[in-house]
Amino acid sequence: MMPTLKINGEDKNFENVPSTLKNLLEILKVDEATVVAEVNGNIIPRNSFNNTALHDGFKIELIRFVGGG
Amino acid sequence: MKKLIIANKEFNSRLFIGTGKYSSNEIMAKSIEASGTEMVTVALRRVDIQNPQDNMLAAIDRKKYLLLPNTSGARNADEAIRLARLARAATDINWLKLEVTPDPYYLLPDPVETLKAAQILVKEGFVVLPYINADPILAKKLQDAGTATVMPLASPIGSNQGIKTRVAIEIIISQASVPVVVDAGLGLPSHAAEAMEMGADAVLVNTAIATANDPLKMANAFKLAVQAGRDAFEAGAAGVKNQADASSPLTGFLRD
């Protein structure tokens, strides 16, 4: 079975799981300056994206601001 | 117009603006500017992985406008607290519009969960602006818990019905030691002026501006109405009487 990350509630398969959160954002083309992230329920400060290692089965939430009242 | 102070921050404008429902980021930005506001609410949602470029925050000048992240979508205290922490991690600001709305039809706020979340978030150092039903007892409990404001609703969110909770909001204003922001349901500038005349410290408006045919013009209309209502409150209204009280002199008539 291919390695999987659960990203925003959906399983996404990778041949090789991106090594860090920063790598994942680059692959997804998400500007890291605009998001806040949770990995397995823990909030990751933006300056730690680079040294947050990812592994098969991790749950990741990528969140950003949208218009709201 | 006196300056509004919330949590030691001064505001020249007493109109806060929601950023939802605008047809484009450009119209949102122009409407914000036309409103004269100094604080805008934003929501937190999952990034659309299929369309990751969309970034509304780029359209908001953070030097001019304080961001007030909301906890919309939270159905209980735990979800609201999670969103609050994410918002703080995203922005480094600790201001928060706390809203807990378990019922999707009327979007009425849950008083028990809101109070519970407020107590925890205040201890965590958040400047908490709770969205509540117009309940004077709850407002006092939140104020005692250390919230920076209370924000009673005029009528259900986005309903544009105007102030349907007038008597309760009047009691809240009379008892409050923190600013009272009338939030939700204000559909017309006259509704906003009414809230300000009643002595509300500020109002928060989104739908009425964002979904007007001309949001920029409506933003300006709300700006003027809020200023007029506040000036009227500060001026002190003349009393209401049952019978006429002539404005012209009752002497010197041209008759014998």
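Visitor: How many residues does the contact take from chain A and from chain B?
Guide: In this predicted model, chain A gives 20 residues to the contact and chain B gives 27 residues.

Visitor: Which strand gives the most to the side of chain A that touches chain B?
Guide: That is strand β5 of chain A, residues 59-67, with 7 residues.

Visitor: And how do the residues on that side of chain A divide?
Guide: There are 11 nonpolar, 5 polar and 4 charged residues on the side of chain A that touches chain B.

Visitor: In which sense do β5(A) and strand β4 of chain B pair?
Guide: The pairing of β5(A) with β4(B), residues 39-46, is antiparallel and runs over 5 bridges. Opposite A:G67 stands B:V42, in β4(B).

Visitor: Turning to the helices, at what angle do the axes of α6 and α8 of chain B cross?
Guide: The axes of α6(B), residues 189-197, and α8(B), residues 215-235, cross at roughly 25 degrees and come within 7 Å. Because angles under 35 degrees count as roughly parallel, α6(B) is roughly parallel to α8(B).

Visitor: Is the crossing left-handed or right-handed?
Guide: The crossing of α6(B) past α8(B) is right-handed.

Visitor: Which residues meet there?
Guide: From α6(B), the residues include B:P189, B:A192, B:A193 and B:M196. Among those they meet in α8(B) are B:F222, B:V226, B:R230 and B:F233.

Visitor: What is the contact of α6(B) with α8(B) by class?
Guide: The contact between α6(B) and α8(B) has 12 nonpolar, 2 polar and 3 charged residues.

How values were computed:
Residues numbered from 1 in each chain as written. Chains lettered and ligands numbered in written order. Predicted model: local features only at pLDDT ≥ 70, side-chain atom pairs only at ≥ 80, totals over all residues. Contact = placed C-beta atoms within 7 Å. Helix = DSSP H or I, 4+ residues; strand = E, 2+ residues; numbered from the N terminus. Nonpolar A, V, L, I, M, F, W, Y, C, P; charged D, E, K, R; others polar. Pairing = 2+ DSSP bridges. Axes fitted to C-alpha atoms, helices over the stretch in contact; angles between N-to-C directions. Parallel < 35°, antiparallel > 145°, perpendicular 65-115°, else oblique. Left-handed = near helix turned anticlockwise from the far one by under 90°.
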